[in-house]
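Here are a few exercises to work through with the model open beside you. Try each task before reading its solution.

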Amino acid sequence: QVQLVESRGGLVQAGGSLRLSCVASGSIFSIHTMGWYRQAPGTQREEVAHISGGSANYADSVKGRFTISRDDAKNTVYLQMNNLKPEDTAVYFCVMSIRITAATANWRNYWGTGTQVTVSS
């Protein structure tokens with residue numbers, strides 16, 4: 001079994017910062033891509049950022065404000081969020097593409113349960 005657990009989000013004022021983390025545990029052989037998605041009420045889940053190897057990609061709405069990073073030794077992905085805006089308010093989910101054994105041919109996406117981030121104006 002693989003579990004992803006996000007850190008607690010929180011309430012922050014516009015212009016403030018917040019750092020999220022997500023740790024994967026369980027039967028893990030290798031992790032390929034790590035990423036973050038978010039979902040605001042009444043909207044579809046959207047990708048925020050992902051990182052694969054040394055390359056990171058961001059949604060246009062967060063470029064220049066958010067930074068994704070990873071620590072492979074700790075099976076952890078981070079999302080540093082700066083200059084937060086009210087429109088960043090959402091539940092944030094981490095996702096990782098994981099192979100659970102060396103004999104496993106395919107990568108499978110595992111998701112965290114989500115953490116609420118609320119930005120007040």
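**Exercise 1: Charges**

Task: Count the positive and negative side chains of the chain, and find how far apart the centres of the two sets lie.

Solution: The chain carries 11 positive and 8 negative side chains, and the centres of these two sets are 4 Å apart. Lys and Arg count as positive, Asp and Glu as negative, while His and the chain ends are not counted. Each charge is placed at NZ of Lys, CZ of Arg, CG of Asp or CD of Glu.

Some ground rules before going on. This is a predicted model, in which local features need pLDDT of at least 70 and side-chain atom pairs count only at pLDDT 80 or more, while totals for chains, interfaces and linings use all residues. Residues are numbered from 1 along each chain as its sequence is written, and side-chain values use heavy atoms, with hydrogens and water left out.

**Exercise 2: The overall fold**

Task: Which elements does the chain contain, and how does its radius of gyration agree with that of a compact globule?

Solution: Start with the elements: the chain has eleven strands and zero helices. Helices (H or I, at least four residues) and strands (E, at least two) are DSSP runs numbered from the N terminus.

Next, take the size. A compact globule of 121 residues would have a radius of gyration near 14 Å, and the chain agrees because its value is 14 Å. The radius is taken over C-alpha atoms, and the globule rule is 2.2 Å times the number of residues to the power 0.38. Along the principal axes, the C-alpha atoms fill a box of roughly 50 × 25 × 25 Å.

Finally, 40% of the 121 residues are buried, meaning under 20% relative accessible area; exposed is over 50%, and partly exposed is in between (1.4 Å probe, protein chains only).

**Exercise 3: Two residues**

Task: Are Thr 115 and Trp 36 buried or exposed, and which backbone atoms lie by their side chains?

Solution: Begin with Thr 115, which sits in strand S11 (residues 115-120). Thr 115 counts as buried because its relative accessibility is 7%. A polar atom of the Thr 115 side chain lies 2.6 Å from the backbone nitrogen of Gly 9.

Now turn to Trp 36, in strand S4 (residues 30-39). Trp 36 is buried because its relative accessible area is 0%. A polar atom of the Trp 36 side chain lies 3.5 Å from the backbone oxygen of Tyr 78.

Methods:
A polar contact is a pair of N or O atoms within 3.5 Å; within protein, one must be able to donate a hydrogen and the other to accept it, and residues adjacent in sequence count only if both atoms are side-chain atoms.
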